[in-house]
Amino acid sequence: MAVILILDDKSTNRNIYSRLAQTIEDGAAVHAFAAPIEALEWLEGNAADLIVTDFRMPGMDGAEFTRHVRGSANGVDVPIIVITAYDDRAFRLSALEAGATDFLRSPVDHYEFVTRARNLLKLQRQQQQIKGRAQALEQQLRISERSQEELVRSSREALAQVIDTVPALISATDKNSRIVFVNAHFADFVSSTPEALTGRLLSDVLRSNDLDFSHQMHRSILKNQRAAVSFEESIVDISGAERAFLTTKTSMPAFAGAETSVLTTSIDITERKQAESTMRHIALHDTLTDLPNRRMLNERIQQELSSEGARFAILLIDLDRFKAVNDALGHAGGDRMLQLVTGRLLGVVSSTDLVARVSGDEFVVVQANIAASEDSESLARRIIDSLSAPFLLEETELRIGCTIGITLVPQDGREADKLLRYADLAMYQAKAEGRNTLRFYSPEMDSISWNNISLETDLRKAIAQEQFELYYQPQIDLATGAIAGAEALLRWQRPEFGLTSPNVFIDIAEETGLINEIGAWVLAKACKQAAAWQSLGYAPLRISVNLSPLQFLRQDIVQLVENTLEKTGLDPGSLELELTEGSLLKDVERTKQVLRGLKRLGVRVAIDDFGVGFSSLSYLKNFEVDTLKIDRSFISNLLAGSRDEAIVRAIISLARSLELKVVAEGVETNPQLACLLSHACNEAQGYLFSRPVPSGVFESLLVDDPRYLLRNQGAPPKKAQAS
């Protein structure tokens, strides 16, 4: 069982080092002290296998403490790790000259701490084993009755045989660094023999990456007598490959009047270093993008926070419309998109910044050394511009964009968890205000987070208490000017808030799964209302109902529609279900099966927002649909001769060739309507004809039976009473 002594005047560091020390090996006993005097008093009556000490302490620094330890009976050969925040070579040499074995830079990397401590303990035990054997041989020399010359010769032979069994490069050198002994493993490593190597300079035999440091350690060992020092070095083997070694230099007592020499033991740790490096990389990086993961992100933030006077920013980036990519192209396509996004992020940020992936489509940038908030805003806008540019994926041009939340240090706090939560709140605020933009965190955003929780609670009450109602927007047959159908649109009479649009609550409904209950209610309510209007003798009226992707992919959607039609008595041909392109493409085989089931019922199917997603001739050919609804983004700037006019004309032509009906959404002006009429669009809906209205108002329209006629492009459409 290893006994480990920890010395640090800061309680936080003592606790961290103590916990790390207990993981070095099972049963490790850790004794932690705040004052060097207390630690030295403990050493007078106790022995330690490893000592870890801070360099900068009040009253006595780490170098002076190390000298006291080396002067004590129980501290002569104990490995000592000195931890210092200074990277200056002079501080390293100061600690090592005092007798330190190794050093680590603060803040300490946890993996490096455990690995180096474990290696030093292993070396310490090997050294003790070798020295124990050497002492046993020396004792035999003293009690042997043979001649002094024979004793020396036989003891050396026996010692050489023992040392030859150790799988390490072991050598003894004189004060001038000339070899007086090497073991068989050493000779094999350099493809030579012990006899041929004797008398040569160690530096001429082994090509190390830091010869100057090795020479300084050699002189330090001779000066301090029996103090040991360990360090990692790269040594080139006979093939020219660099291999990693953990080298320990210690003084070797004189034998039979010979001068004290330096014993050097080098253990090959190449495979272990490679394995540790690989495992550490895996533990700290995202497997898909090879970016740092949340664990490494937290380490970096803690490292930044530990720096005095730290000023940095955390940018949380959430991709917009990424779900649509996953729905359309599957997870393989989504993964490729994330890799393309990673490349763009790395191309925008500085080499001193860190980019991490923390969840499916969320990334975080830690922007170091900022002078003002404007620096972070500038970086955020460059990221938005970069991710807004089109991506080429599977020969398809796609656009996603991103939304960014920013928190600043030290203004917003100095706790990693809170800073990440603040950036998350700022990102959600930016999404609520329009996406593809950025927001800085402000304390008021905490209340927004609670509002989302309150929204979910109120939404559950709305379902139980039937606080929802449907509005209806007429769809106009452009050939006759008559009302051909209506789209049912959900509204929520939220207590204390009034009439609330789905834009406010639809995301929460989908995240919580409440969308299934809400969608079933909308379907039943719309079908019941349409059946009631038909029973009053109005002309056959088509009712359009939107299905969310989650609701569409339910196993029982066909059964739900069939049951609803039976209960309400609505003719199946009067129901049209509107689906987005993304929901159709998420699971192609299942989509085909569901669409076939709906068509067997006699229900019509429309593709909503056509043209902005992943429009494809292949799915129009393979999926059984009846209607294309042109997205309002193409109608808003629709003028003769414009690019939008060309797109609309192409969609209408495509639909006509496939014998599909076309409905234009968002028609608000007379020129827009004139352009649609010139291309023989089938139907239109929008504020030009009517806003969405309650069922009572819509019924009045049915009673009036208006005809919407286009007089000219300079006047609004005229309502003409049917005869």
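A: What follows covers the cavity, its lining and the sheet. The model is predicted.

Start with the empty space. Rolling a probe the size of a water molecule over the atoms shows where such space is left. Here the count is 3 cavities of 30 Å³ or more. The largest cavity holds about 190 Å³ of space. Its lining is made of 19 residues. Closest to the centre are Leu202, Ser203, Leu211, Ser214 and Lys249.

Now the lining by class.

Two helices, α9 (202-205) and α10 (211-224), each supply at least two residues. So do the strands β6 (169-173), β9 (229-236), β10 (242-252) and β11 (261-268). The largest share comes from α10, with 4 residues.

Then the sheet. Strands of a sheet pair through backbone hydrogen bonds, either parallel or antiparallel. In this open sheet, 6 strands run in the order β7-β6-β11-β10-β9-β8, and the pairing is antiparallel. The edges are β7 (179-182) and β8 (207-208). Each has a single partner strand, so one side of each is left without a neighbour in the sheet.

Last, one pair inside that order. β10 and β11 run antiparallel and are joined by 8 bridges. Across from Ile267 in β11 stands Leu246. Both β10 and β11 also contribute to the lining of the largest cavity, with at least two residues each.

Definitions and conventions. Residues numbered from 1 in each chain as written. Predicted model: local features only at pLDDT ≥ 70, side-chain atom pairs only at ≥ 80, totals over all residues. Heavy atoms only, no water. 1 Å grid on protein atoms, 1.4 Å probe; cavity = no way out; pocket = protein on both sides within 12 Å on 5 of 7 lines; lining within 4 Å. Points joined across faces, edges and corners; volume = space filled by probe spheres on them. Pairing = 2+ DSSP bridges.
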